[in-house]
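Reader: I'm new to this one. Can you walk me through it?
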Amino acid sequence: MDCCSQPGLMPIEQAKSLLRDSTELKTKIQTVSLNEALNRVLAEDVVSPINIPPFDNSAMDGYAICAEQMPNNNTLPLSHKVFAGDTQQIALEAGHCVRIMTGAPLPPGCDAVEMQENTEASEDKEQQITFKKPINKGKNVRLKGEDVKQGQVVIPANTRLNSSHIGLLATLGINTIAVQSLLKVALFSSGDELIQPGKPLKHGQIYDSNRFAIRALLAKLPVEIIDLGVIADDKQLVTDAFVKADKMADIVICSGGVSVGEADYTKLVLDEIGNINFWKLAIKPGKPFAFGQLPNSYFIGLPGNPVSAYVTFYKLAMLVISKACGWAYDEPLQVQAISLQDFKKSPGRTDYQRGLASINQSGQLQVSSTGAQGSAIFTSLTQANCFVVLEQDRGRVSAGEMVTIEMFADPIL
């Protein structure tokens, strides 16, 4: 008996657990340049080859001194100047100070820097610098290795590299990095009713929106997209599409055709060529969802309704993709907010309603609905910045109650 035949609906947490347990790494290790590393998944820990900073340096434009040598009159003659990038190491002359710029290496013998705003320079040819405030050892000094120490793990394996990681790698002088190869994801839509945007609609036809939306989500992930277009409701054509996709990709994603209608051939075909679980999930929107194993790839079947496809990709397909490409993916943070209005809800399914979160004058997080919540109403998603997550056993929510919200995070932005 498959999951569709079982009484009741599968809770989303159970489905998520099954997805994680059923998915294995599909990628291989390769080396890329720093310019190609954005959004790629690290294959191994990054260990710092140097200290950051690599030398003691000044955090200010000002004057470097030895704090213990500061005389009672707080005035010192100027010895020399040090600029950022200077490679000469001229030691501090006893009883003197050194003009220094931000980022410049601290001269040997110096242990503090005073910003120029707290000093006064004489007009003499042999300039004298008067320090207006007491100075302690270590003031305005960036110590060698205080940010990163040589040999320290600075980015753990399985991290998806963002722009700050790229900046850190450049700071460390690293120009190539070991990453997981791009996961190959084949994508197609199924349905005779689907027409490409830009063409006129006939009665009974709709535009193929799901494939474009899912492709846009995939474009932000460490994947190579193989777009196979729209497959008509024909058993042989559906079979050919799956055979082709399975040979080309690590994951095959289909939107539509996973229900039990007379023209939904996906289940019939996949029963013949793969091992597929069709689930009816206790979530709304997105009850029909499919996952399984083809001869060479994983299969993900998303519902046909636009918002359902989007939600199930975000909450379920992301788990498969991240596990298959070696990414230690953290699900978006959920927090509590005050409901500004009633939310319709019946017990039985976890409901992901589209909401607009904001901060009120008291600094409290609050949320309102973006309107009608039907699974085909995409405008409610474009106006939202979060999901209002209403628990499976919860019923109607009244204004003023606390609800759980999940702010949209990468890759949904």
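Author: Here is a short tour, starting with how to read the model.
Author: This is a predicted model, where local features need pLDDT of at least 70, side-chain atom pairs count only at pLDDT 80 or more, and totals for chains, interfaces and linings use all residues. Residues are numbered from 1 along each chain as its sequence is written, and side-chain values use heavy atoms, with hydrogens and water left out.

Reader: Where is R40?
Author: R40 sits in the loop between β1 (29-33) and β2 (46-47). Strands (E, at least two residues) are DSSP runs, numbered from the N terminus.

Reader: Is R40 buried or exposed?
Author: R40 is buried. Buried means under 20% relative accessible area, with a 1.4 Å probe and protein chains only.

Reader: What does its side chain reach?
Author: The R40 side chain reaches the backbone oxygen of Q180 at 3.1 Å.

Reader: New topic. In what order do the 6 strands of the open sheet run?
Author: The order is β7-β4-β6-β5-β9-β8, with mixed pairing. Two strands pair if DSSP finds at least two bridges between them.

Reader: Which strands stand at the edges?
Author: β7 (112-115) and β8 (119-121) do. Each has a single partner strand, so one side of each has no neighbour in the sheet.

Reader: And how do β4 and β6 pair?
Author: β4 (residues 62-65) and β6 (residues 97-100) are antiparallel over 3 bridges. Y63 stands opposite R99 in β6.

Reader: Which peptide bonds are cis?
Author: One joins I52 and P53, with omega about -5°. Another runs from K284 to P285, with omega near -5°.

How values were computed: Helices (H or I, at least four residues) and strands (E, at least two) are DSSP runs, numbered from the N terminus. Buried means under 20% relative accessible area, exposed over 50%, partly exposed in between (1.4 Å probe, protein chains only). Lys and Arg count as positive and Asp and Glu as negative; His and the chain ends are not counted. A salt bridge is a side-chain nitrogen of Lys or Arg within 4 Å of a carboxyl oxygen of Asp or Glu. A polar contact is a pair of N or O atoms within 3.5 Å; within protein, one must be able to donate a hydrogen and the other to accept it, and residues adjacent in sequence count only if both atoms are side-chain atoms.
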